[in-house]
Amino acid sequence: MNLLLDSALKATLILFAAWTASLALRRASAGVRHTVWLAAVLAVAMVPAALSIPQTAIPPAARIIVSAMAAGPRVAAPKLPWLLLIWAAGASIFLARLMLGLLAAARITRSARGVDGILYSDRATTPMTWGFLRPVVILPAYTSAWTAVERDLVIRHEQAHIARRDWLWQMLASLLTAVFWFHPLMWLANFQLRREAENAADDLVLSAGAPASDYAGRLLDVARRLSGLAAPAPVVAMVRGSRLETRVRSILDPSSRRASAGILVRCAIALAAAALIFPIAVTRQKVHAQGKVYKMADGVSQPRVIYKVEPEYTQEAKDEGIEGAVKLQVEITPRGTAENIHVLKSLDPGLDTNAVTAVSNWRFQPGMKDGEAVTVAATIEISFHLE
């Protein structure tokens with residue numbers, strides 16, 4: 001849970017920077033703004049990995065040795081913190097919605113009839129595309145009454161999404177939104193990524209020579225025919241009914257910039273994202289170097305365990321007769337909790353996990369310096385021995 005909250009805090013800086021940049025680039029093309037938001041989403045996806053880099057700047061100081069015997073049924077299982085339960089519930093709801101949307105998209109695809117590589121379905125309320133390895137373009141059945149030129153306009157729009165890999169990027173943003181569902185800027189990033197993808201696809205169609213008035217007419221026709229049943233959330237839909245007036249105005253504006261983000265612009269945006277990610281990987285190390293996490297040599301009293309949950313012996317480790325010690329590096333906070341737990345010496349994957357889970361639920365009398373509780377770096381050894 002600590003990693004999640006720490007990642008959310010770092011993600012705030014990245015997403016706020018993307019929001020500021022997109023506002024500054026409001027006169028640039030939609031393709032440029034989409035690249036900004038995509039770089040931010042990819043950077044947020046890398047934050048947990050950056051925060052998981054071992055912090056070699058923290059020297060182990062205090063040592064707490066605890067024995068854990070092979071336990072029977074009487075050993076209490078670690079309890080999940082209530083914050084973790086709330087997060088898991090929210091993430092599960094979002095992921096369930098995403099999965100139901102994918103199933104709905106699959107049903108529409110199976111029921112559609114194909115003509116010249118394009119699918120037509122009575123269940124489709126708007127032109128859409130979805131899929132990565134084998135993407136499909138699905139048009140509402142009523143478009144079969146359009147002329148070939150009219151259909152070609154919306155087909156080119158959906159094919160532009162496929163060329164830009166928009167479905168893949170939007171799925172990544174949706175998964176991150178499921179993880180950070182409590183973060184309003186993540187919802188904003190997801191929305192802006194979808195919005196700018198539609199605008200960028202419009203620009204590709206128009207820059208290829210499509211008449212703006214004809215293209216806007218197809219967009220309005222689709223909007224008028226939208227029923228109460230919305231397109232499944234995971235698909236890339238041409239129209240979802242939001243901000244249509246602004247989009248049509250942009251299509252009809254001859255002064256709008258429609259160029260895609262060039263290689264130099266993409267490199268510049270990628271470097272800017274990297275410039276935000278790199279400090280995140282070393283931020284905590286710098287904080288420790290500034291003396292915010294104390295060592296025993298700093299005149300700090302050693303923390304003492306006042307409540308502990310016994311680590312469980314896994315059945316696999318029992319069967320294999322594995323014995324020994326798991327060594328953990330932790331920070332014991334002034335609240336008496338163990339945070340930023342890392343395995344320094346591994347014994348067995350299952351025993352390592354159980355040791356970390358148990359220690360995360362322990363409570364300590366914190367270390368004291370000059371009469372105040374402070375954060376102390378400590379090494380905890382948990383010995384596993386069979387009875």
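**Salt bridges, surface and pocket in a predicted protein chain**

Glu 150, Arg 218, Asp 221, Arg 224 and Arg 225 are linked in a network of salt bridges, a salt bridge being a side-chain nitrogen of Lys or Arg within 4 Å of a carboxyl oxygen of Asp or Glu. The model is predicted, so local features need pLDDT of at least 70 and side-chain atom pairs count only at pLDDT 80 or more, whereas totals for chains, interfaces and linings use all residues. Residues are numbered from 1 along each chain as its sequence is written, and side-chain values use heavy atoms, with hydrogens and water left out.

The protein chain has 11 helices and 13 strands, taken as DSSP runs numbered from the N terminus (helices H or I, at least four residues; strands E, at least two). Buried residues make up 46% of its 387 residues, where buried means under 20% relative accessible area, exposed over 50%, and partly exposed in between (1.4 Å probe, protein chains only).

A search of the whole structure finds 14 salt bridges. One of them joins the side chains of Glu 381 and Lys 327 at 3.9 Å, N to O, and this pair links distant parts of the chain, since Glu 381 belongs to strand β13 (residues 376–385) and Lys 327 to strand β8 (residues 324–332), 54 residues apart. Glu 381 counts as buried because its relative accessibility is 16%, while Lys 327, at 21%, counts as partly exposed. In another salt bridge, the side chains of Arg 335 and Glu 339 meet at 2.4 Å, N to O; here Arg 335 is exposed at 60% relative accessibility, and Glu 339 is buried at 18%. Asp 166, whose side chain meets that of Arg 164 in a salt bridge of 3.0 Å, N to O, is buried at 1% relative accessibility.

Turning to open space, the largest pocket holds about 1300 Å³. Of the 49 residues that line this pocket, Gln 192, Arg 195, Glu 196, Asn 199 and Arg 243 are the closest to its centre. A pocket is an open set of points on a 1 Å grid over the protein atoms alone, where a 1.4 Å probe fits, with protein on both sides within 12 Å along at least five of seven lines; lining residues have an atom within 4 Å of a point. Its volume is the space filled by probe spheres set on the points, which are joined across faces, edges and corners. Helix α6 gives the most to the lining, with 11 residues.
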